[in-house]
Amino acid sequence: MKRVFSGVQPTGNIHIGNYLGALRQFVELQEENECIYCIVDLHSITVPQDPKELRKHILDVAALYLAIGIDPKKSIVFVQSDVSGHAELSWILTCNSYTGELSRMTQFKDKSKGKESAPTGLFTYPILMAADILLYDTDIVPVGNDQKQHIEICRDIAMRVNNKYKDTFVIPDGRFLKSGARIMSLDDPTSKMSKSAENIHSRISLLDEDSKIKKSIMRATTDSDGEIRFDPENKPGVSNLLSIYSAFSGESIDDIVAKYADCGYGDFKKDLVGITQEAVAPIKQNFNEIRESDELKAILRDGAEKANTIAEKTMKRVKDHFGLGF
Ligand code: TYM
């Protein structure tokens with residue numbers, strides 16, 4: 001049985017990019033693995049958060065985890081700041097990483113672009129993520145393509161520590177899906193769909209009303225040549241919609257392209273609206289029931305306790321290998 005770990009930041013409404021790239025893997029993996037799913041609130045404060053909103057978003061993500069089918073009887077679900085080992089291990093890893101490797105992270109470069117100075121937490125973000133993963137002796141990390149660099153640096157740091165001290169960490173592997181690993185923004189298909197983009201029509205949230213889903217898809221940027229064809233470089237908008245269609249329906253891109261060979265963008269988009277609405281409808285319904293139940297906080301408390309038991313064991317091993325404490 002393999003150990004699986006992944007996390008989502010509670011920074012806004014979870015969108016179909018998060019779902020198709022990462023979250024739907026979480027559900028599938030819990031059948032045959034020991035899965036740990038975290039709400040990474042410490043990562044979210046690398047940029048300023050309103051405290052009230054943050055609390056709300058933490059519970060929203062927890063409820064969404066359960067609404068998509070994560071079963072707390074099979075998987076551990078908890079909030080990162082409830083287990084102190086994350087911050088503790090993060091410091092130890094900080095002392096075993098280099099400013100040079102952190103400076104190469106594209107996420108840091110993007111977020112600090114044009115600024116004279118950036119929050120230190122943004123810079124050390126990948127180290128905290130490495131701590132999340134290594135704290136649980138993780139084998140597999142299901143994530144979207146945008147996290148590839150972060151998984152790489154986690155592996156590098158873990159190997160460095162293993163070489164310098166006694167074998168301390170399990171070396172994890174990222175798990176990336178063939179379809180859905182990088183869903184692009186609907187209004188600018190050259191950048192990825194994001195929770196924080198200003199235009200709400202750039203994304204579809206898992207909790208969006210049917211009318212909003214319809215509006216966002218029908219106005220999604222395409223092109224003027226009118227041909228439905230998968231060509232991300234020259235036709236990023238249409239290609240992105242094809243990816244979403246394929247990821248939700250399970251049909252191959254080739255089959256979808258053949259099916260719409262004689263159709264215009266309008267017909268294709270209308271069908272995609274239906275497919276998307278149908279896919280998120282049960283999630284929305286489950287979410288509303290779970291979010292209001294008392295059970296949610298009990299599940300998070302229980303999850304934190306179980307996570308902490310594993311984390312404490314790892315921290316004891318790490319401290320022993322480093323000669324920390326007495
Ligand atoms: P976050 O909260 O930005 O995103 C959660 C997950 O969604 C994936 N994702 C996407 N997949 C496809 N298309 C997109 N447009 C898209 N946008 C986001 C992300 O790859 C991610 O898997 N650093 C992580 C959180 C984290 C973490 C961890 C993940 C912290 N510690 C340890 C795994 C293991 C992040 O920012 O996710």
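Which residues does UniProt give for the short sequence motif 'HIGH' region? I found the feature at residues 10-18, from an unreviewed UniProt entry; positions follow the numbering used here, and such annotations may be inferred rather than shown by experiment.

**Ground rules.** I number residues from 1 along each chain as its sequence is written. This is a predicted model, so I note that local features need pLDDT of at least 70, side-chain atom pairs count only at pLDDT 80 or more, and totals for chains, interfaces and linings use all residues.

**Confidence.** The chain has a mean pLDDT (the predictor's confidence in each residue, from 0 to 100) of 97, with 100% of residues at 70 or more. For the complex I read an ipTM of 0.99 and a pTM of 0.97.

**Ligand shell.** I listed 25 residues around the ligand, taking those with a C-beta atom, placed from the backbone, within 6 Å of it. The closest are Gly17, Gly21, Ala22, Val143 and Gly144. Elements giving two or more residues to this shell are β1 (3-8), α1 (16-29) and α7 (120-134). By class I noted 11 nonpolar, 10 polar and 4 charged residues; Ala, Val, Leu, Ile, Met, Phe, Trp, Tyr, Cys and Pro count as nonpolar, Asp, Glu, Lys and Arg as charged, and the others, Gly among them, as polar.

Technical notes:
Helices (H or I, at least four residues) and strands (E, at least two) are DSSP runs, numbered from the N terminus.
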